[in-house]
Every structure is written in structure tokens, then in C-alpha cells.
Amino acid sequence: AVLSMVQWQNDTLRRIRRRNVLESAGWDDLLAQKSASASAAVVGAYDLAARRATLLHDLNERSRVGAVASESFASLLRDIDTTAHSVAATESELAEITEATAKAKGQIAEQQAQLVAFREQQKQAQAEAETAKKDMTDLHGELDAAMLAVESALTELLRYKQSEAERMNDFQAVVNKKAGCADEEIDLSEFIGAGACAAPYQIGPPRNARLAIKVSGSPISCVDTALCWQSSPQPVVSAGTVGTVAFLQGMEGNRLGQVGVPNTSCLCCGLSPDGDRVLVGSADNIVRLYDLSTERAQHTLKAHSSKVISCGFIAASNSRKGFSAAGDRTVKIWDLVRGNPVKSISCPSQVLHAASSPDGAFLASCHQNGHVVLWNAQSGEMVQDLGAVHDDPAVGVRFSDDGRSIASFGRDSRVVVSSLDTMTSLRVMQSKSMRPPPVGVTSVPVFSPDASMVAVCSGISIHSWEAMSGQAHKPFELPSPALALSWSLPELVAASHDGHVFWLTSRESGDGTPVSPCG
């Protein structure tokens, strides 16, 4: 703009000069001044343009530097964000590493503790091994001593058998004389223990009541028989009723004694095989063990939570073990020396009766659902469930004296004989006149001593059958309903509702007419 102004002025001056043709010298001076001023202005303009260019250059340079700085700052911010993410990831990894380290330390501590425990167990095992080794050495010594004791006991047993054979001969003579049958040969040697009858004695269905003894004015709920050897060999009959258990001499029925069952009713009883003790189960949930010689209780066995419906001794245990069954669905095995229960068998259904096998190996139980079950008498484990032998509740069960059969009676009015060899039912016995026992009453079938016959009571009638063929015999009637039977002696013993105990025989009177039951 300055240059254009100067140029314009120069042109104007030239035009003026041409117009005025340098009218005066003053115009030259003025022109010179103006020219000088214009030149100075041009120089100033050039300086100003140079300074402006310099400023623009500086501004551009600074803008470029600022752009670079901005880019560097943005890059720095991105680097800071990246670094922050990296730090966060590193902290997370560090936390995981810390947690894993703590867990590893815990595992190491646990392994160290296990190692310490293992070393302790190892030390204990070594100590036990040393003790066992020492015990084994002692056991060998005891075994040698036991072998000597066994040899001595065998020798003593042989002497005892010879002595008992002489006593049995004397007892046989007494039996022949008392029974009025001296012309018949009676051999009771097999009664000891298992109670089996020898072949020379004739076993048959009950036809006559040889003897009837009034024991109580109340119903007799249970009866059992055994051969007692305390002084001289004699059969013993136990009869349980309200508050007492009476003991009768097995041939004449003389009362030998009685024990009291305080404030309760006797529901079941079982004589020991040697006839010197009796187990009594009662309605107060208690089993009591009595000594016949002292008529005192040796143990009061409390473990059931319901009334005891069956009890007895386990054979082959020297009367050291017994069993009981109750309405609490259990069968218990007792240590009769210490008076403690050693096994408790829980049954799947209500137990109504139980019995022990002659060899003491098994227990049998009959149930509300009609099943009959065999149990191991030592371990308490189930051996065999014979299944639903009866359509209705099974109320009584008994082993044969040879240990090969089992008889059960149910509310379906059937007696079922099952084989323990095949675990199957062999015979089903029933009579039109049989009636099921009342609810809550146990009616137990019995085998004859030689296992050839089976009998059961139903009302006033006693029904009997041949065990192998199932052939029924004519029922024998009592003057009062029969409640319990026992047939481990030659004669069938029956207990009645009117308090009598009957000795039933298969013999008839001399004129062929049956002997009437005596009062």
C-alpha cells in the first residue's frame, strides 16, 4: 500500500511537472522533500514488511513447535493410559500370585501336618507291631497251655460221661416206675441239651391227660420244660402267670418252688437246657434271669421299649447267652453272665415271636407281615428271609430238635413246616375246626422230641400232625382253652386258661377208653 501511494504521488508529480513545466524552484524542493519522505516511508515499509515476515516466520515456527508439542502431549497421555492399564493388570496378577502363594503355603502346612501325623502313625504302628509280636509270643504260650487244658478237659469229660451214664440208668428206672410203664423201655439220654427222644420211646398224638395240676387261679401264659441236674436228674416244668413263675416236678407235678415277677404279668418264660435257671419276659418291658435253687433274680435286663413277648436261652452257650423279642421291633441277644445286651437286631416288621435253634447257631423270628426270618445268633445278621409264609400275621415259631425244620403258626390258621436245608416250605397243615388265636396272643407250634410230629393249640383243642406226611390226628380237647405247649419231654405239656398244667400222653387206658382230664 505504501509503495502504491508513493507510486501514485510520483505519477501525480510528473503530471504536475508536465502541466506546470516546473513552475517554480519551490516545487523542486517540495518534490525532493516528498521524495525523501517517500523513500524514508518505503524504507520503513520494507523494514515493517521484513519484521512482519520475521514475525510470521516466528509464528509459523512456534505453531509448528506447538503442534509437535501437542502431538507429543497426546502421545504422552496415551502412554499414561497404557501404563495405567498395565499397572492394573499387574496388580491383578500380583493379587492372584499372592492368593496362590497363600494357598500353596496352606497346602504345604497341611502336607507337613500330614507328614507329622504319618510319622506318628508309623511310630505307633511300629509300637503296635512290636506289641503284637510280643502278644503273639505270649499267645503261642497260652495256646500250648490251652491245648494241655483241653486234653485234661477231654479226659475229665470222658469220666463225666461215664458218671452221667450211670445216673441216667438210675433215672430211667425212676421214670419207668413213676409212669407205671415198667414194662416199656424209656431212654432219655438224648434229652440232655437238644432234648431229642430216643427211638425206643413211643411218640404219638395226645390222647389222654395223665396228670393235671392247678397252678394258679389266673391264665397260664407260658410253659417250658427241661431236664434239671442240680441234685438228681428230674424233668422240670415252668409255668408263668400273673406275677409268678411256678416250677413243677416233671413227673408228679409237685411244686418245686416259684419266683415272683413284681407288679407285672409274665408273658413268656424259657428254662435253661440244664434246668437250673429261667428267663422271664414281662409286660413292663423287662427280662429277668432267676436262679431256681435260690429263687432269686440274678439279672434284671432292661433294653426293650415295649413288652417282651418271647425269650429263651441260646443253646450251645452253656447258658451264658439268651435272647428276647419285644413289640419294639427288636430281637436282642444277651450276655447272661454280665447282664448286658451284646446285639440288637432291628426287624423290618413287628416281631410276634422268636426262637433259638438247638445248636445255638440261629434265631428265628415271625412277624406281623407273615414273614419268617432266620438270623445268625452270633453276629445278629440276617441269614434268610423265608418270605411271606403266612397270609396273615405269623404268631409263633419253633425249631425241631434235630435242627433241620422250623414250624410256624399264623392267624391264617395254618401251620407251615419249612426245611432249613432247602429254605423252602415243606408242609402246610390246617384243620377245619382250627381258629386263629385272639389278637395279641401268641400260639407257638411244637415238635415232638423225635421231630416226627407237630402240635399246636387252638381254643380248647390241641391239633397234631405227622411232620413228614402232614397226616392229621384227632384233636384232643381240654376243659379250658389251651394257651401254651411244650414237648421237649416225652409227654406233651399244656397250659390252660383256667390255671391248669396238663401232662398229655398218647397211651390209652386198659379198657381202651381215653383217660379224662383231671381237675
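The protein chain exposes about 28000 Å². Carbon and sulfur atoms supply 54% of this area. The model is predicted. Its chain has 519 residues, of which 40% are buried. The secondary structure comes to 2 helices and 27 strands. Among contacts in the chain with a separation of 6 or more, 47% join residues 24 or more positions apart.

Nonpolar side chains in soluble globular proteins tend to be buried together. In this model, the largest nonpolar core holds 17 residues. Ile462, Leu478, Leu485, Leu492 and Leu504 touch the most other members of this core. Five elements are listed as giving two or more residues to the core: β1 (208-214), β22 (453-458), β25 (482-486), β26 (492-496) and β27 (500-505). The largest share, 3 residues, comes from β22. The surroundings of Leu492 were examined with its neighbours within four places in sequence left aside.

An open sheet is formed by 4 strands in the order β9-β10-β11-β12. The pairing in this sheet is antiparallel. Strands β9 (308-313) and β12 (340-346) stand at the edges. Each has a single partner strand, so one side of each is left without a neighbour in the sheet. Neighbouring strands are turned by 20° against each other on average, direction ignored. The partner of β12 is β11 (residues 330-335), and these two strands pair over 6 bridges in the antiparallel sense. Within this pair, Trp334 stands opposite Pro341 in β12.

A hairpin is formed by β15 and β16, with 5 residues between the strands. Strand β15 covers residues 371-376 and strand β16 covers residues 382-388. Their pairing is antiparallel and runs over 4 bridges. Trp375 has Met382 in β16 as its bridge partner. In the turn, Gly380 has a positive phi of about 80°.

Cysteines were considered next. A search of the whole structure finds 0 disulfides. Cys366 has 0% relative accessibility and therefore counts as buried. Cys457 also counts as buried, because its relative accessibility is 4%. Both values fall under the 20% limit for burial.

Technical notes:
Residues numbered from 1 in each chain as written. Predicted model: local features only at pLDDT ≥ 70, side-chain atom pairs only at ≥ 80, totals over all residues. Heavy atoms only, no water. Pairing = 2+ DSSP bridges. Disulfide = S-S within 2.5 Å. Buried < 20%, exposed > 50% of the residue type's maximum accessible area, 1.4 Å probe, protein only. Core = buried A, V, L, I, M, F, W, Y, C linked by side-chain atoms within 4.5 Å. Contact = heavy atoms within 4.5 Å. Axes fitted to C-alpha atoms, helices over the stretch in contact; angles between N-to-C directions. Areas by Shrake-Rupley, 256 points an atom, 1.4 Å probe, with all protein chains shown as cover.
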